[in-house]
Amino acid sequence: MPPLPLITAQTEEKLLAFLTEHGHTKFRVQQVMDWVWRKRVTSFDAMTNLSPGLRTLLAENFRFHSPEIVEIHGSADTTRKFLTRMEDGSLVESVIIPAAAAEDGEQSDRITLCVSSQVGCAFGCKFCASGLLGLKRNLTTGEIIGQILSAETIAGKRVNNLVFMGMGEPLSNFDNLEDALEIITSHRGLEIGARHITISTSGFVPGLKKLAAYPRQIRLAVSLHGATDEVRDQIMPVNKKWPLSQLIPALEEWGRDRNQMPTLEYILIKDVNDSLKDASQLVRIAKKLHAKVNLIPYNTVEGLPWERPSEGRCRAFRDAVHKARIPVTMRYEKGHDINAACGQLRLRKEKENNEGSPGCRA
Ligand code: SF4
């Protein structure tokens with residue numbers, strides 16, 4: 001018998017369909033969602049304003065489950081990375097990123113969570129730890145939502161900003177992502193505004209086309225990392241199937257009826273994509289797409305050959321983009337000391353498990 005579906009994975013629409021099929025009114029959906037998302041109960045018995053019959057019906061068809069938090073790593077810059085174990089034993093990593101202290105000394109209450117969408121990744125970008133073990137499977141809607149609930153338990157606060165930049169290519173798990181987004185953005189659900197959610201893609205064009213048709217104003221970040229097919233082919237195998245000649249029109253289509261700028265993420269890798277010629281090619285694409293650029297000096301990954309360019313070279317690259325009037329930021333990955341780059345914590349843990357390490361050190 002497969003396990004019952006998670007109540008935390010039910011969109012309002014799905015819950016409504018279930019309850020009306022069993023003779024209940026729309027009002028009951030509101031009550032159930034209120035218990036799950038506002039009052040945060042973890043059992044159907046706690047839903048005291050529902051009839052015993054309805055509570056039994058819910059318990060016979062759904063369940064509550066919280067993923068096991070296996071490790072939590074904090075770092076000097078207060079970024080916290082955690083690893084959760086799914087029910088099939090798969091490990092998933094997520095990162096909590098608090099806003100930096102405001103200039104007046106007041107701490108912002110913004111909490112960003114970097115969410116994973118798959119266990120491992122099939123896309124095999126050459127600089128990324130998540131791709132090293134390949135794709136194990138898609139995360140379910142409940143497992144995507146579960147990362148947010150775990151983060152809120154760890155942080156003791158509500159998460160109010162999400163970036164789908166953890167393990168996996170979110171747009172290749174579109175159906176589960178779409179249901180998760182409905183629950184996340186619903187005013188009866190987690191109620192995080194669409195404009196506080198960023199989906200990051202490596203350039204998976206079929207998924208981008210689906211996202212272009214998705215009505216909510218979710219933000220988009222594209223892991224470009226190379227401004228020519230030659231560079232992207234070298235470090236991102238996805239480009240061989242969907243080269244820039246397909247990716248750029250798909251991004252134009254996404255932006256057509258939106259008042260939103262995509263962000264071009266660009267990891268600066270020494271002697272691969274960090275020349276001034278690369279910068280001018282990046283500028284050309286950014287102008288075409290009315291995009292902003294986020295530069296990320298490469299975070300070394302054990303077992304991979306790439307290196308971070310010098311400070312001076314990173315600055316020269318940024319200045320060249322800035323001079324061309326493209327909005328540009330340079331972001332250093334937070335949490336270098338906790339393996340914060342995508343996929344590294346899970347990779348280490350998997351290695352430990354395979355080598356018979358003592359396991360959890362949380
Ligand atoms: S960068 Fe993203 S798409 Fe590429 S291998 Fe890593 S997780 Fe997958």
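Which residue takes a positive phi in the hairpin of E2 and E3?

1. **Overall content.** The structure is a predicted model. Its chain holds 12 helices and 12 strands. Of the 362 residues in the chain, 40% are buried. Among contacts with a separation of 6 or more, 67% are between residues 24 or more positions apart.

2. **The hairpin.** The residue in question is Gly 89, with a phi near 90°. Five residues lie between the two strands of this hairpin, E2 and E3. Strand E2 covers residues 80-85 and runs antiparallel to E3, to which six bridges join it.

3. **Strand E3.** Strand E3 comprises residues 91-98, and seven of its eight residues are buried, so the strand is largely enclosed by the rest of the structure. E3 also pairs with strand E4 (residues 111-114), in the antiparallel sense and over four bridges. Within this pairing, Thr 112 of E4 is the bridge partner of Ile 97.

4. **The sheet.** These strands belong to an open sheet of 10 strands with mixed pairing, ordered E1-E2-E3-E4-E7-E8-E9-E10-E11-E12. Strand E1 (68-74) and strand E12 (328-330) are the edge strands, each pairing on one side only. From one strand to the next, the twist averages 20°.

5. **A helix across the sheet.** Helix H4, formed by residues 141-155, lies across E1, E2, E3 and E4.

6. **Helix packing.** Two packed helices are described by the angle between their axes and the distance between the axes. For helix H6 (residues 205-213) and helix H9 (residues 244-255), the axes come within 9 Å and cross at roughly 10°. H6 and H9 are therefore roughly parallel to each other. On the H6 side, the contact is made by Val 205, Leu 208, Lys 209, Leu 211 and Ala 212. H9 contributes Gln 246, Leu 247, Ala 250, Leu 251, Glu 253 and Trp 254. By class, this contact of H6 with H9 consists of eight nonpolar, one polar and two charged residues.

7. **The ligand shell.** The ligand is surrounded by 13 residues, of which the closest are Cys 121, Phe 123, Cys 125, Cys 128 and Gly 131. Six residues of the shell are nonpolar, six are polar and one is charged.

Key
Residues numbered from 1 in each chain as written. Predicted model: local features only at pLDDT ≥ 70, side-chain atom pairs only at ≥ 80, totals over all residues. Near = placed C-beta within 6 Å. Nonpolar A, V, L, I, M, F, W, Y, C, P; charged D, E, K, R; others polar. Axes fitted to C-alpha atoms, helices over the stretch in contact; angles between N-to-C directions. Parallel < 35°, antiparallel > 145°, perpendicular 65-115°, else oblique. Contact = placed C-beta atoms within 7 Å. Buried ≥ 20, exposed ≤ 12 C-beta atoms within 10 Å, placed from the backbone. Pairing = 2+ DSSP bridges.
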